[in-house]
Amino acid sequence: MSTQSSSAGSGPERRIALIKPSGGEEQAAHAVQLFDSVLWVFKGTTRSNWITTPAASADIVVVHHSEPANNLDRWTQQGKHIVVLSTDEKRHPAGPRTLVYPFPAVQVLSMLERVEAEMETRASTHTPTPAAPPPAPLKEKASKAGADPWSFVEALRTLRTVNNGSLWLMCKGAQGPFLWLRGDVGRYVCDGATAAAIRADTLDLSGLALQKGTPPPGNLPARPGDELFWFATYHASTSLAPWLNDKTLYRLIRWPDFGRLRVADAVELTAQLRIVAALETGAATLGKLAAQAQASVDQVARTLNALASCALIEAAQVVSPPPKATRTEPSAPTPTGGFKQFLRNMRKHLRIGGL
């Protein structure tokens, strides 16, 4: 998997070197490969276009923790930014520029955002500066206390019902508007970094307020509204959405476009594929689907939520619990002719004298 060619995004080009470890440690090679895979998966969705180059022409150099110190010193003196991949957390713990393998995609994206912010600050001041925090709204997700996790999704559902395609709404952050949404939820507009944060669940959507605004700037790409619906609903909660029921049989209407709705976590994507494939074989409840797909109830709930928000499943029927069985005590059969006749028969059979 390689990111040698430029991606199709509209952001600036950033050159990055992925230095293969000189030793034979298998985990070190896997760590570098995982970092490269994240760049490939998010190509076209990040704020910048990441191009892998040799270290001599790179802005950022990604190395394993075993990289010789003299190389690191030389690259630092040349003004390059160093990112370290650690496979030994005890000796090389996670830090501002260190990722501990296996690291999730969100950590890679957050670190690249921090390094980019430092590069931009350094370019504007021409003096070295300490690492800057990522620009808003790309911060680690921290849900607001007491916030309803479904508030943003419910707002989207209401807008879709109203279906006003001539209206534009927007969300604002500390640095101004960062997301625009058409009134019928058919399109949304934001930069690549915000789109990546929504996909990776690093942007907390709970409590975000949509307000009437002007149309979005023309230099940002318009994205399908179902994409926003899918990720907003999928990441909202591990519980079923309030409008779904764990006793209801759900059937698949059609497959989602996983080519467009890609996720960085391979385990998560595999679970989604198994769940949708199981649904295709027949209608199922939440619990039955978890057993068929060999997935956790949380994974199934999230996937059902996203499928429902994009109108990709429908209710088949509600499964009613079986009626409670009424226990009755067994009764002994009554012999024909009464008890005396029964004794006569027994005595006759045993050849005992009559009564």
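Predicted model: local features only at pLDDT ≥ 70, side-chain atom pairs only at ≥ 80, totals over all residues.
What distance should the 12 residues of helix α4 span at 1.5 Å a residue, and how far apart are its end C-alpha atoms? At 1.5 Å a residue, α4 should span 16 Å, and its end C-alpha atoms lie 17 Å apart, which agrees.

Within α4, select F152, V153, L156 and L159, the buried residues of this helix. Turn the view to look down the axis: these buried residues fall within an arc of 120 degrees, so they line one face of α4. On the face turned away from that buried side, select the exposed residues T161 and V162. Just after the helix comes N163, with a positive phi of about 60 degrees.

The remaining stops concern backbone geometry. Most residues other than glycine have a negative phi, and most peptide bonds are trans.

Proceed to P102, in the loop between β5 (98–100) and α3 (105–125). The peptide bond leading from Y101 to P102 is cis, its omega being near 0 degrees.

Next, select D201, which belongs to the loop between α5 (192–200) and β9 (211–212). D201 is not glycine, yet its phi is positive, near 65 degrees. With a relative accessible area of 23%, D201 is partly exposed.

Finally, select A311, in the loop between α9 (297–309) and β12 (313–318). A311, likewise a residue other than glycine, has a positive phi near 55 degrees. Is A311 buried, partly exposed or exposed? Its relative accessibility is 43%, so A311 counts as partly exposed.

Key. Residues numbered from 1 in each chain as written. Heavy atoms only, no water. Helix = DSSP H or I, 4+ residues; strand = E, 2+ residues; numbered from the N terminus. Expected span 1.5 Å × (residues − 1). Buried < 20%, exposed > 50% of the residue type's maximum accessible area, 1.4 Å probe, protein only. Arc of directions from axis to C-beta.
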